[in-house]
Amino acid sequence: MTAPAVAEDTGFVVLGSWKERPLAEAGKAQVRGRLGVQADILPVRIDGEPRFRLVSPAMVEADARALIADLAGRGVSAWFPRGDLVASSTPRAMPVAPAASREEPMPAPDPARQATSSTAVSPPDPETTSVSTTDRLANAVPPAPASRAKPADPDTGAAVHVPYFETVGIAIDGVADEAAWSEVPGYDDMRVTDPDTLEEPRYRTFYRFLYTREGLYVAAFMEQPPDTLVSRLSSRDRHLNRDSFNLTLDTSGEGLYGYWFTVTLGGSLMDGKAVPERTVTEQWDGPWLGASARLDDGWSAEMFLPWSMMAMPASNGADGGPGPRKLTFWVDRKVSHLDESHSWPALPYSGQRFMSAFRTMRLERLDTQRQLAFFPYVSTTHDGVASEVDYRGGVDVAWRPTPNVQLTGTVNPDFGAVESDDIVVNLTAFETFFPEKRLFFLEGNEVFFTTPRSDVNRYRSHRYGSGARERPLTYRVEPTTLVNTRRIGGPPRHLDVPDGIEVAGVERGKPTDLLGAVKAAGTFGGLRFGALAAFEDDVELPGRRTDTDERVTVREDGRDFGVVRALYEAGGAGRRAIGYLGTVVALPDGEATTHGIDAHLIAGGGRLRWDGQVMYSDGNGIAGDGTGGYGFFSDAMYVPRQGIIHSLNFDYIDEHLEISDLGFIQQNDQATFQYGLIFMNSNLGPFRQARNSIFLMAQSNTDGFVNQATVYTNQTFTFANYSELHVSFNYSPARWDTRNSRGNGWFRTDPQWVALLGYSTNAAKKFSVSANVGAEQEELHRSWSPALDLGFTYVPNGRLSIDFDVRYKKRNGWLLHTGDQNFATFDADDLQPKLSIDYFITARQQLRLTLQWAGVEAAAADYYRTRLTHGDLLDRTPEEDADSEDFSLSRLTAQLRYRWEIGPLSDLFVVYTRGNQFTYDDADHGFGTLWTDSLRDPVVDMLVVKLRYRFGS
């Protein structure tokens, strides 16, 4: 068939487009036989490549629209390009649309913007990019809307066959107007999943895929009134309430492991990894491209995801070459001004399944490339306190010899402070966990996540970065893990300081230099594995002799670390897995080893999930006496239906389990039981959404003394104006404190009530506020201590944001350990302000100022001591010549940072950090003096300039 010339107001209805003529012939027979529509095959060329299109006879636009509407009612997508069909680049569509989805036209191509290179280029400044809807749809008429009932079970969805292109000229600028996009199917099948109504969204979302040998291309168009768009730039992986589009891609194809990629309106990127069933971490950054653009009737986004950065199982075709691949995926869109998430498959947080219910994506032939990348760096650090300048250089190497194996190494790494940790005032016997922030250790780190307890965000609300302004947390969730990479290169934990020599606490807390590290991670069928080795330099710390004040150097051998991991798992509709993880730390005076066996199960279509782990240590670690220790825990979750979640947890950890040389555990010597029930409901009277939960927990040490028992209830209500009300109560009966005396006896504490009322306004507005008002009873005498948290966020435009939070707590009878058997209660004032200001010159250049301070003034009220065994605290009278037990403390961290993201994983940092921490033996300074002293006499005063650049495939 030859395309005849047609009048300007006439054309052909296009019913499909194929790369091979036999497929077009089959489509022709199907359309004629099943639909009774006369159609012929028309050969055309798009970007020099042949296509075979199924077209109707020539007709005027009115008749074409009538035919398209009739076909849409029968589940078939078709389009009407006006004018000469040979010159037009019309969208490609399958004759029959996939179940629960519709194919839609993407923007018609702009010939002036068609590139001849297959290399994606960096986007322009997204804040100034705008595209006309008229231009975007000039040659495409969308089909009439088809019926969109609630989707069936996600498993019934047809596989998405992703078209392959040898080369494409796609510029990743957020504007999907290249010719290639008009040749691939589009899908519109999202449902509202947060709140979990599963209703048809108010706005439509069209997304498309295509792939080349180099990677996967994704384009999405988000329909939305322009005056409702919310664009906010941020640093990478920061969750904010703003418009965004997300793709989560399970490259195993079996629900075993995957990656998620988010492009926000404005061009900020977020990414990370996902493992079953819903453990999602931001602790990974990949070298991919993403951009967004504003449109007259919404916004659009594009992504390019290189295959070489993603692990996937080996796949060979029948001829021994590259074969077909099955991936699974989930797409998600955030509509900020509605405080809604739309996604497909429709998998709400309150549902039974997640990764195991992703939709299938089929790639007929994929031969991934090997990746080899080098990350050299140079840095200079000026230490204002020591009046020293340090110059460093080194390199990281990442090599993926096959699609399912990655090897990484680093030589003379520089882990200088380009991002500071939050200040935490912790005066208890329990250690504080700080998450990993170093890129080398983040890459492939998920293989060492043995259970959901390894994830510090496991209890994070699904509404994180959504809806109302986030209120400051009043508690911290600590992980249980055999591998905490922050130990590597951290402060020395076994430093042996000779008698008569003093080393300042600031020096003891400084990180240790690393000589190098290597890491491997990969998969073979159902077997995943990982290995890590790291080597520290020897420790040299300045000290002084206490009798002569002579300066000396205290030396200690550096530590060596090793980790091995293996996990065998089967995915699909459920999951069964068993794994092993072992660690060894070479200490100055011996070795400390740990072993763990973990098991996992997902059954009943996702209704039942179970994770458990058994751990053993050789007893030669921190505070170890050579006696081996063991422990186990079991975590079960049952979801009988959407909106109801039951959880049941058991722990038994004996007193000799020591894993903190490389791992982290909040405490050993415990037996714990916890049950939780969570209800999530949508559209309840005046509330858009309600989340109600109750938890019961009881914990004792292994001798049977109950040291923690709690009934906790939490109620969170979201209003129609997207503000949020939070109410919680916590009751703990009398119990034993078996930890805070540091081994000097156990004592009984009184019952406690804790109450909290919180409110926060819509974070999509330019100005939003939050507040917590609470009170808790102290451990002795049950006196009440009130607390207040206030905060606001001001976003005058998408480039500038100001966040400020302040916490004040009045302690009336704060019980603290003061040494040996001694305790005291204190009347204290605790003030903690926090400020962060972000300004983006472009989407890739950021200025960030953070300032956090904590000041405490505490006056001793009553004095106690413990019995050497156990019992109630005894009164004590301080000796007349004894030093006062009053104290004041101050902690300050301030940082000014400039970051320029030159390219994927390539950055220039200029960072100035100033900080202090000190304690006074009185409570008479006042917050003003404590603040001034912190600024005037820093213990950290550093300027770092660091350039890191990625070279490679």
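These legends describe close-up views of a predicted model. Residues are numbered from 1 along each chain as its sequence is written, and side-chain values use heavy atoms, with hydrogens and water left out. Because the model is predicted, local features need pLDDT of at least 70 and side-chain atom pairs count only at pLDDT 80 or more, while totals for chains, interfaces and linings use all residues.

**View 1. The largest cavity and its lining.** Searching the whole structure gives eight cavities of 30 Å³ or more. A cavity is a set of points, on a 1 Å grid over the protein atoms alone, where a 1.4 Å probe fits but cannot get out; lining residues have an atom within 4 Å of a point. Grid points are joined across faces, edges and corners, and a volume is the space filled by probe spheres set on the points. The largest cavity holds about 260 Å³. Its lining has 20 residues, and Phe375, Ala398, Gln406, Glu443 and Leu905 are the ones nearest the centre. At least two lining residues come from each of β21 (371–383), β22 (388–402), β23 (405–411) and α4 (439–442). Helices (H or I, at least four residues) and strands (E, at least two) are DSSP runs, numbered from the N terminus. β22 supplies the largest share, four residues. By type, the lining has 10 nonpolar, four polar and six charged residues. Here Ala, Val, Leu, Ile, Met, Phe, Trp, Tyr, Cys and Pro count as nonpolar, Asp, Glu, Lys and Arg as charged, and the others, Gly among them, as polar.

**View 2. The second largest cavity and its lining.** This cavity holds about 220 Å³. Its lining has 21 residues, with Lys273, Ala311, Gly444, Glu446 and Ala521 nearest the centre. Two or more of the lining residues come from each of β13 (258–264), β14 (269–275), β23, β25 (514–524) and β26 (527–536). β25 gives the most, five residues. The lining divides into nine nonpolar, six polar and six charged residues.

**View 3. Threonine 512 in the loop between α5 (505–508) and β25.** Threonine 512 is buried, at 9% relative accessible area. Buried means under 20% relative accessible area, exposed over 50% and partly exposed in between (1.4 Å probe, protein chains only). A polar atom of the threonine 512 side chain lies 2.8 Å from the backbone oxygen of glycine 490. Apart from neighbours within four places in sequence, the contacts of threonine 512 (heavy atoms within 4.5 Å) include Gly489, Pro491, Glu536, Val539 and Arg559.

**View 4. Phenylalanine 261 and tryptophan 284, one of the aromatic pairs.** The structure holds 34 aromatic pairs. The ring centres of phenylalanine 261 and tryptophan 284 are 6.1 Å apart and the planes stand at 75°, so the pair is edge-to-face. Rings of Phe, Tyr and Trp (its six-membered ring) pair if their centres lie within 6.5 Å; planes under 30 degrees apart count as stacked, over 60 as edge-to-face and the rest as tilted. Phenylalanine 261 is in strand β13 and tryptophan 284 in the loop between β15 (279–281) and β16 (289–295), so the pair ties together parts 23 residues apart in sequence. Phenylalanine 261 is buried at 0% relative accessibility, and tryptophan 284 is buried at 1%.

**View 5. Phenylalanine 433 and phenylalanine 664, both buried.** Their ring centres are 5.3 Å apart and their planes at 75°, so this pair is edge-to-face. Phenylalanine 433 lies in the loop between β23 and α4 and phenylalanine 664 in the loop between β34 (644–653) and β35 (670–684), so the pair ties together parts 231 residues apart in sequence.

Note on methods:
On a 1 Å grid over the protein atoms alone, a cavity is a set of points where a 1.4 Å probe fits but cannot get out, and a pocket is an open set with protein on both sides within 12 Å along at least five of seven lines; lining residues have an atom within 4 Å of a point. A polar contact is a pair of N or O atoms within 3.5 Å; within protein, one must be able to donate a hydrogen and the other to accept it, and residues adjacent in sequence count only if both atoms are side-chain atoms.
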